[in-house]
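User: Hello! I am new to this one, could you walk me through it?
Analyst: Gladly; here it is, and then please ask away.

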Amino acid sequence: MEGNKALASTAARDRDLKPPKKPSYNHKRSVWREMKKNYASYLFLLPKLTLFTLFIAFPVVWALVLSFQQYQVNGSFFIGLDNYIAVFQSDAFMEALENTALFTAVTVPFNIISSLVVASLIFPLGKLSQNFFRSAFYLPTVTSMVIIAMVWRWMYNYDFGLFNHILGWFGIEAVNWLGQSSTALWALIIMQCLIPFGVGIIMYLASMGAISNTLYEAATIDGAGAIKKWFYITIPLLKPTTLYLVLLSTIGSFQVFTQIIMMTGGGPDNATETLVHLIYKTGFRDFEFGLAAAQSVVLFLIILVFSVIQFRMLRHDE
Amino acid sequence: MYKKDRFDKLNKALIYVMLFFFSIVSLLPLYWVFSTSMQLSSYEGPEMERPVSYVDSNPPKMYPMGFELYFEHWGDAREAKKAGNLEEAQYHREQMDHIVDNTFSSFVALFQKHDIGKWFFNSFYIAVVVTFGILLLDSMAGYVLAKKRFPGRNIIFWVIISTMMIPGQVTLVPMFIMIRDLGIMDTHWALILPDLSMVFGVFLMRQYMYSIPDELLEASKIDGASEWKTFWTVVLPLAKPGLAALGIFTFMNVWNSFLWPIIVLNNADLYTLPVGLKTLQDANLASFKLLMSGAAIAAIPMIIVFLIFQRYFVKGLTLGGVKE
């Protein structure tokens, strides 16, 4: 009895204090009423949602369907897993996968670490120098990769290129950077490493600003030097940013395309073939739509695996 | 104490030296674009048998030779004039004119012989149309997703967001077939419509709209304003910084977009700048000076936009990236 009474009174109090109950949509008619009441919200969403459905959702589903089909203008037909089998049996795809993986495995860690180092060097500077260096490092990021690839191709030129000239200063013989399969992929990797990772630098700078100063002050009192503070305070506290940047640049790196088509076309001997360039060639040079769709679904699955792993690490951390 | 101070100064100098070195590495390619674009490609000096080109000279010239030679001839012309040798002064003045013409010759050629003016205009108007379209559509969607409660809101949001994980290449083939069947292949609609569908902005605007206080929206409602009027006169002005960040990123992405345009554009009149640059490079007729001039023309607008709106770049990156 006592308990019941207490319960009843809490219920009464809750009724008084709580904001009006969230509408529950058990009843079909009440859902309908809610929808009618909020018709303006749907109108606000309508244009974007229409475009989204037409040009993103529908093509994504269609890509999945196509990957199980033999495409023909007058009626495609299902061929089961044949496209996927063909993808994994083709040497070109395996080579492209290997090249893309190597490209990612070298450039992502290098870019992340270098952007962390650069951001750490910029951070303690005054406002003016901070702005200056931030612009200097972000400027190549706003420039189209088409332009960057064109000039790097020129700098890698065997006869007149800047790099062979600089190598000459040190008495090293000229290298045919992009023209031979042993160096072409590495030339692209070096290029990617030397283009500053502007997004990383800016994100790190923003996150460093959010770290409380008291931590560093306490560490100073404890007698920690700058390097020690960097390793034991800065790096651990930047971990969420680092994970986000690794995710971002891994995804971007798996989609590397512009450099390839502008600088090597995948050659020589498929040495610089990458996944997206292969998809482009399969789809729009050979017009093997089903095969290209299967390749792109595989690319998506690879990226998905990476994203899931990294999201889990991120969540585990918090 | 004294010693420590000196050490800090040394440290600071070291940091500056390192950062300057890194920024040279960072900016060298862009410098090389501009330097090559203005390099002398044909010059016949006083004691030369035939014209030389400094564009593909070995070793490469580190800066546009025209700048140096112009002043040399200028000095020579003045001296010759002082000495009363008018014929020689005339020669030097002609050389100066030639140097100026040649330094900028490839920019002139790009506009006269190639269609770069058209490509520039195409890139520009497409980027502007898409940017303003995205700003309107995404702020409308982001606003109701952040501030309104209605059946299906969460499902819609999660469906939209989950497609952000799907790389754009997945939709290339179906989109190609669709665009072809719609009969808009090789038109600018084939670029504008898919670009307007990008969803990143919905996510970004929704994040931003959360910061708008509910009280203001209610006050506007009590004043009897319609939903649209509230959105237009209350919400949009408050969302300006977010809109600026989204606008700049959209402009940059569209201006630089490459993979899709090279698939759907065939007519040279409709090319955007990146596509035009690629065909220029593929044609193999073009000298590196001409290519670099084209690259310079394509790079300049983004550099200007970046320098003016720098703080919005920072804002956009941190707004879109930091998950709360």
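User: How many salt bridges are counted between chain B and chain A?
Analyst: First, a note: this is a predicted model, where local features need pLDDT of at least 70, side-chain atom pairs count only at pLDDT 80 or more, and totals for chains, interfaces and linings use all residues. Residues are numbered from 1 along each chain as its sequence is written, chains are lettered from A and ligands numbered from 1 in the order in which they are written, and side-chain values use heavy atoms, leaving out hydrogens and water. A salt bridge needs a side-chain nitrogen of Lys or Arg within 4 Å of a carboxyl oxygen of Asp or Glu. Between chain B and chain A, the count is 1.

User: Which side chains form a salt bridge at 2.7 Å, N to O?
Analyst: One partner belongs to chain B and the other to chain A. They are Asp138(B) and Lys48(A).

User: Is Trp260(B) buried or exposed?
Analyst: Buried means under 20% relative accessible area and exposed over 50%, with partly exposed in between (1.4 Å probe, protein chains only). The relative accessible area of Trp260(B) is 11%, so this residue is buried.

User: Which residue's backbone oxygen does the side chain of Trp260(B) reach at 2.8 Å?
Analyst: Contact means heavy atoms within 4.5 Å. Leaving aside neighbours within four places in sequence, Trp260(B) has contacts including Leu172(B), Phe176(B) and Ala190(B). The backbone oxygen reached at 2.8 Å is that of Ala190(B).

Notes:
Polar contact = N/O pair within 3.5 Å; in protein donor to acceptor, adjacent residues only side chain to side chain.
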